Amino acid sequence: MRGTVLVARMDNLGDVLLAGPCVRAVAAGAERVVLLTGPRGRAAGDLLPGVDEVLTWCAPWIDPEPPPVTEEDIDGLVRRLRGLSLDAALVLTSFHQSPLPLALLLRMAGVPWIGAISEDYPGSLLDLRHHVPGDPPEAVRMLSLAREAGFSLPSGDAGGLAIRGPLPPVEGLLGSGPLDEGYVVVHPAASVPARQPSAARSAAIVKALQAAGYRVVVTGSPSETELTREVAGDALDLGGRTGLSELAAVLAGAKVVVAPNTGTAHLAAAVGTPVVSLFAPVVPASRWAPYGVPAALLGDQHAACRDSRARICPVPGHPCLDLVPPDDVVEAVDRLSRGSSRRRAPR
């Protein structure tokens with residue numbers, strides 16, 4: 001399959017980053033790749049290798065704060081898609097999302113071939129209805145759709161996460177620390193509250209890492225500055241001070257990243273940095289744990305919230321994450337940082 005191929009992933013930053021191997025496989029066989037994202041994933045789309053153009057539209061059946069469905073908005077997307085003269089499209093979704101609404105709009109735009117993973121009967125909306133057994137990592141699941149459509153990763157591409165380089169310099173942000181061995185990043189926030197530890201628990205983790213001799217850098221988005229300020233204490237607080245590419249550079253320089261299940265954990269994986277994953281089991285870790293890098297998974301994976309997809313923790317006290325001892329985080333950082341030092345020595 002050649003020509004112009006659209007790849008769609010309509011949700012968050014981390015989901016778009018996990019689509020990277022699929023996108024690279026398509027790019028190896030297509031003449032041009034257009035990536036369709038939602039507004040929450042656009043910044044990650046701009047960083048993916050293999051993408052020639054990024055198109056953004058908010059899907060009202062996927063976004064957690066969906067806009068109203070209007071004829072004007074739908075018609076506008078269809079016109080934009082038709083103007084791309086697409087030869088094919090792959091619609092990437094999580095297991096709980098349907099590809100069929102977007103497939104319908106792509107058909108209305110005249111796209112002649114559409115593939116997706118779908119449990120629902122697609123009628124004439126899909127040319128390829130792919131099934132994925134089991135519970136594989138999201139990156140593997142999406143890559144399997146590309147392979148079923150006839151696209152393969154190029155020789156030498158192992159299928160890990162990746163972003164475009166070069167990354168911007170961030171020495172001015174990081175300043176200098178008391179140790180020469182590097183730093184550990186603690187990213188306390190997630191896209192939904194159920195997936196992040198309390199501020200008090202994250203602050204305790206920062207203090208424990210400092211007591212163990214680590215220089216700690218706390219990161220967060222502009223909307224998370226109050227949280228990062230509370231968590232950082234006297235550690236370096238970069239909350240609100242980085243765009244996504246600067247954040248990637250900060251993560252790339254870290255020995256280890258400590259983060260909940262959020263886009264930053266996947267961004268760390270994309271730059272090759274080990275991750276201590278504070279993972280709430282509201283979604284399965286088998287699908288969304290950090291992919292392709294050494295990782296330590298902490299948090300009670302059998303808690304009462306398991307597989308609930310809850311946005312707000314339904315269990316008083318948020319025990320799956322807030323009962324993780326800070327010393328366990330330090331031990332995991334120690335273990336991963338030793339391995340990181342061995343791997344990075346030749347650079």
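Guide: Start with strand S4. Both of its faces are covered. On one side sit Ala88, Leu90 and Leu92, all buried. Buried means under 20% relative accessible area, exposed means over 50%, and partly exposed lies in between (1.4 Å probe, protein chains only). In a regular strand the side chains alternate between the two faces of the sheet. S4 covers residues 88-92, and five of its five residues are buried.

A word on the source. This is a predicted model, in which local features need pLDDT of at least 70 and side-chain atom pairs count only at pLDDT 80 or more, while totals for chains, interfaces and linings use all residues. Residues are numbered from 1 along each chain as its sequence is written, and side-chain values use heavy atoms, with hydrogens and water left out.

Now the partners of S4. Strand S1 (residues 4-9) pairs with S4 in the parallel sense, over five bridges. Two strands pair if DSSP finds at least two bridges between them. Val7 has Leu90 of S4 as its bridge partner. S4 also runs parallel to strand S5 (residues 114-117), joined to S5 by three bridges.

Helix H5 spans residues 100-108, and its buried residues are Leu100, Leu102, Ala103, Leu105 and Leu106. An α-helix has 3.6 residues a turn, so residues three or four places apart point the same way. The cover over the buried residues of H5 includes S4, S1 and S5, along with strand S2 (32-37) and helix H4 (71-83). After H5 comes Gly110, with a positive phi near 85°.

Turn to another sheet. This open sheet has six strands in the order S9-S8-S7-S10-S11-S12, with parallel pairing. Strand S9 (236-237) and S12 are the edge strands, each pairing on one side only. Within the sheet, strand S10 (residues 256-260) pairs with strand S11 (residues 275-278) in the parallel sense, over four bridges. Val258 has Val276 of S11 as its bridge partner.

Some single residues deserve a stop. Ser202 is in helix H8 (residues 199-211). Ser202 is buried, at a relative accessible area of 3%. Neighbours within four places in sequence aside, Ser202 is in contact with Pro188, Pro197 and Val231. Contact means heavy atoms within 4.5 Å.

Pro166 lies in the loop between helix H6 (138-148) and helix H7 (171-174). The peptide bond from Gly165 to Pro166 is cis, with omega near -5°. Gly150 sits in the loop between H6 and H7 too. Gly150 is exposed, at a relative accessible area of 57%. Gly150 and Gly29 are 121 residues apart along the chain, yet their C-alpha atoms are separated by 8.4 Å.

Then the loop between strand S12 (295-298) and helix H13 (319-322), where Arg309 is found. The phi of Arg309 is positive, near 55°, and Arg309 is not a glycine. Arg309 is partly exposed, with a relative accessible area of 43%. His318 lies in the loop between S12 and H13. His318 is another residue other than glycine with positive phi, about 45°. His318 is buried, with a relative accessible area of 10%.

Last, the whole protein. The secondary structure comes to 14 helices and 12 strands. The radius of gyration is 20 Å, close to the 20 Å that the globule rule gives for 347 residues, so the protein is as compact as a globular protein of that length. That radius is taken over C-alpha atoms, and the globule rule is 2.2 Å times the number of residues to the power 0.38. The C-alpha trace spans about 60 × 45 × 35 Å along its principal axes. Of the 347 residues, 55% count as buried. Among contacts with a separation of 6 or more, residues 24 or more positions apart account for 65%.

Conventions: Helices (H or I, at least four residues) and strands (E, at least two) are DSSP runs, numbered from the N terminus.
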